Amino acid sequence: FDLLEDAFTLTHLQRTVEAIAGQDLHTQNFRRLVDRTGLVAGSMTTEASGGINEDTIRAVAEIGVDVVSIGALTHSAPTADVALDLVDPTAD
């Protein structure tokens, strides 16, 4: 049986390792370990997300991920009122 799907996140990998080891692992230390082992090097794009803000982004980026996502950029963005009117081309 497979422990992970063919495509998985580092968080999913960490949770799987934690379940096998029976202990929680510090996220940054786990990701450094994964980076040092070369387990994912060159095989995927890595992304960090969740709980990242202007104060923590530099530290997260220095871990060595390819992409950093900040939800505050979208959930705090001003709203726009957009309408999409569909027209039935067969209607008279």
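Modeller: Start with Leu-13, which has a relative accessible area of 9% and is therefore buried. This is a predicted model, in which local features need pLDDT of at least 70, side-chain atom pairs count only at pLDDT 80 or more, and totals for chains, interfaces and linings use all residues. Residues are numbered from 1 along each chain as its sequence is written, and side-chain values use heavy atoms, with hydrogens and water left out.

Biologist: Why is Leu-13 called buried?

Modeller: Buried means under 20% relative accessible area, exposed over 50%, and partly exposed in between, with a 1.4 Å probe and protein chains only. Leu-13 has 9%, so the term buried applies.

Biologist: Where is Leu-13 placed, and what is it in contact with beyond its neighbours within four places in sequence?

Modeller: Leu-13 is in helix α1; helices are DSSP runs of H or I of at least four residues, strands are runs of E of at least two, and both are numbered from the N terminus. Leaving those neighbours aside, Leu-13 is in contact (heavy atoms within 4.5 Å) with Leu-4, Phe-8, Phe-30, Val-34 and Leu-39. The C-alpha atoms of Leu-13 and Phe-30 are separated by 9.7 Å, and the two residues are 17 apart along the chain.

Biologist: Is Thr-16 buried or exposed?

Modeller: Thr-16 lies in helix α1 and has 13% relative accessibility, so it counts as buried.

Biologist: What makes α1 and α2 roughly perpendicular?

Modeller: The two helices pack at an angle of about 100°, with their axes 11 Å apart. Axes are lines fitted to C-alpha atoms, for helices over the stretch in contact, and angles run from 0 to 180 degrees between N-to-C directions. Angles under 35 degrees count as roughly parallel, over 145 as roughly antiparallel, 65 to 115 as roughly perpendicular and the rest as oblique. The angle of about 100° falls in the 65 to 115 range, so α1 and α2 are roughly perpendicular.

Biologist: Which residues meet in the packing of α1 with α2?

Modeller: From α1, Leu-10, Thr-11, Leu-13, Gln-14 and Val-17 meet Thr-27, Phe-30, Arg-31 and Val-34 of α2. These divide into 5 nonpolar, 3 polar and 1 charged, where Ala, Val, Leu, Ile, Met, Phe, Trp, Tyr, Cys and Pro count as nonpolar, Asp, Glu, Lys and Arg as charged, and the others, Gly among them, as polar.
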